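Please look over the two chains shown below before reading on. The numbered points that follow take up helix packing, the contact between the chains, and then each chain as a whole.

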Amino acid sequence: MSKTMTRQTTPAPSPAPAQLRQPRLPRWAPAATALGSALAGCGLGLLAGWESRVQWGLLAAALHVVASYLLAAAVEGRRQARDRLATSVVWVSFLVAVIPLASLLWETVARGSRVLDGHFLTHSMNGVLTLDEGGGIYHALLGTVQQVGLAALIAAPIGLLTAVYLVEYGGGRLASAITFFVDVMTGIPSIVAGLFVLSFWIILLDFGYSGFAGAMALAILMMPIVVRSTEEMLKLVPNELREASLALGVPRWKTILKVVLPTAIGGITTGVMLAVARIAGESAPVLLLVFGSAQINANPFEGAQSSLPYYIYEQWANGNAPSYDRAWAAALVLIAFVMALNLLARGLARWKAPAQGRS
Amino acid sequence: MSDMAKRIDVSGLTAFYSGFRAIDDISMTVEPRSVTAFIGPSGCGKSTFLRTLNRMHEVTPGGRVEGKVMLDDENLYGSEIDPVAVRRTVGMVFQRPNPFPTMSVYENVAAGLRLNGGHRKAALDDVVERSLRGANLWEEVKDRLHKPGSGLSGGQQQRLCIARAIAVEPQVLLMDEPCSALDPISTLAIEDLIEELKSAYTIVIVTHNMQQAARVSDRTAFFNLAAVGEPGKLIEIDETERIFSNPSVQATEDYISGRFG
């Protein structure tokens, strides 16, 4: 004991508290502070005559942060007070982030469910005047599914193979160049991707507007996301598994195909699904390349189509009540579509993930 | 089985990681149907040397080898040698058990054959049972062959990895600290297994446990390095009994008796 004491070279730790028992706030204290601050926020807001409820809420949030810090500092001491401060800041930030999201969802569900029914899902806008009620999104839904599906068919294999090259084979100048350009591609605004395909495919090569042209622009947007997420997933595969396979005399390409990819397949699928969800909401390339249409066009390679984001934009631009209703309902369908993809991705990831633990 | 084991003859072997010389000018002979143990302090190049024996060293980015490794009368670093074929001939068991997490016990053992293709189901069943029996694991897993391999205990997983390695019928088995992640009982099981396997295979084992080297090996090689950043060197190789009782180099005795450094 004395030997370790004399050999100690690090500075002595701060002195231990004199006693282990310290005054503590009761467990309901944070809830009480939050309630009190909320009431005070509303009260002061009313007194000061502030119109905006947002101001009331921000005032309440600030009051809560300050009150819980001061209360804890008075009763529990400085270290606990800082802990409470951090906790209340985290909670307030969480609420500030969640409230817009929740209200967006609520608004969309409330306003979108007015005209959302079987008729809406199975009919197009063909022959429906903008001021009329009725009509539907079948043509737009079909367009979105086809364009996004084609984009995924183009982008997923290229992205996957790029990531396999970067993680399993790359390492030289070429790999760093690819990584750099993938990073640059991640930042391409969707309208620029649309303009690129427009000038190349439609103006230079003289093809017409089509769902496929839109799909190419969407694929440009999707590719870097797939590369990035697949790369991360492949990096998570332990090197020991590759070595184990190579040491069995399995060639490298087969090791990648049969050991590395199956181990990472859950995460890769999730990444592709999330990329699909991300591009499903793009409207700029569709605006430029697919042109938009009120009719059902089941052929994505020929002629104008519509898509959900484009449909929402178009209906909103009409500027009358029936069109607004249709726009909200289409937005609801789009959100549901994206959410369904997310859920599907999570399910796949869970289903495909390597079994953990004892069985 | 008796003609499977092969003699390894290493001469003037130097291995690099990019510019760094990890081991320098090593020459030794590994006898067939025997166990050779590599001992030495951390960083002295035992594992690197082991990995040069089945061309796994060059899998590491920047890994490069000079010198000759003769397997009977074939130079493993000859220009016409396929490294993949070398690894099928010289199997390897790693420090940490690494069963393939997506595969069942059965699939893990069959992996080497299956991934190399062309095996019928019945023949595969045979090989899997024989390999698991060979690794002393059959009795414990025969009722859970189609459960995930990662569900086994650490010791069982390591024996699964040994079964996987011997399923491709290598002629040499390299083991890189196979017991360092295991408890004493699992270690004993692996050591018993090594004792049995040596009747058919040439076995090389890297270990930090000198009692283990004394227990399982017939010959022992002591590696050392002059200083950190210097390449590792082979100090001496001899009958295990001699190394542990009367080594010819002072450094060996210092290391074995714990007077090192």
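1. At what angle do helix α6 and helix α11 of chain A pack, and how far apart are their axes? Helix α6 (residues 138–169) and helix α11 (residues 252–280) of chain A pack at an angle of about 140°, and their axes lie 10 Å apart. Here axes are lines fitted to C-alpha atoms, for helices over the stretch in contact, and angles run from 0 to 180 degrees between N-to-C directions. Helices (H or I, at least four residues) and strands (E, at least two) are DSSP runs, numbered from the N terminus.

2. Some notes on the model itself belong here. This is a predicted model, in which local features need pLDDT of at least 70 and side-chain atom pairs count only at pLDDT 80 or more, while totals for chains, interfaces and linings use all residues. Residues are numbered from 1 along each chain as its sequence is written, and chains are lettered from A and ligands numbered from 1 in the order in which they are written.

3. Because angles under 35 degrees count as roughly parallel, over 145 as roughly antiparallel, 65 to 115 as roughly perpendicular and the rest as oblique, α6(A) and α11(A) are oblique to each other. Their crossing is right-handed; a crossing is left-handed if the near helix is turned anticlockwise from the far one by less than a right angle, and right-handed if clockwise.

4. Which residues bring these two helices together? Among those of α6(A) are A:Thr144, A:Val148 and A:Glu168, and they belong to a contact whose α11(A) side includes A:Ile256, A:Val260 and A:Ala280. Two residues are in contact if their C-beta atoms, placed from the backbone, lie within 7 Å. By class, the contact of α6(A) with α11(A) has 13 nonpolar residues, one polar and one charged, where Ala, Val, Leu, Ile, Met, Phe, Trp, Tyr, Cys and Pro count as nonpolar, Asp, Glu, Lys and Arg as charged, and the others, Gly among them, as polar.

5. In chain B, the axes of helix α3 (residues 105–116) and helix α6 (residues 154–167) come within 7 Å and cross at roughly 30°, and α3(B) and α6(B) are therefore roughly parallel to each other. This crossing, too, is right-handed. On the α3(B) side the contact includes B:Val105 and B:Gly112, and on the α6(B) side it includes B:Leu160 and B:Arg164; its residues divide into eight nonpolar, two polar and one charged.

6. The contact between the chains takes 22 residues from chain A and 26 residues from chain B. On the side of chain A that touches chain B, α10 (239–247) and α11 are the elements that give two or more residues, and α10(A) gives the most, with six. That side of chain A has eleven nonpolar, six polar and five charged residues.

7. Chain A has 14 helices and zero strands. Its radius of gyration is 28 Å, whereas a compact globule of 359 residues would have one near 21 Å; the radius is taken over C-alpha atoms, and the globule rule is 2.2 Å times the number of residues to the power 0.38. Of the 359 residues of chain A, 36% count as buried, a residue being buried if 20 or more other C-beta atoms, placed from the backbone, lie within 10 Å of its own, exposed if 12 or fewer, and partly exposed in between.

8. Chain B has ten helices and ten strands. The radius of gyration of chain B is 18 Å, close to the 18 Å that the globule rule gives for 261 residues, so chain B is as compact as a globular protein of that length. Of its 261 residues, 48% count as buried.
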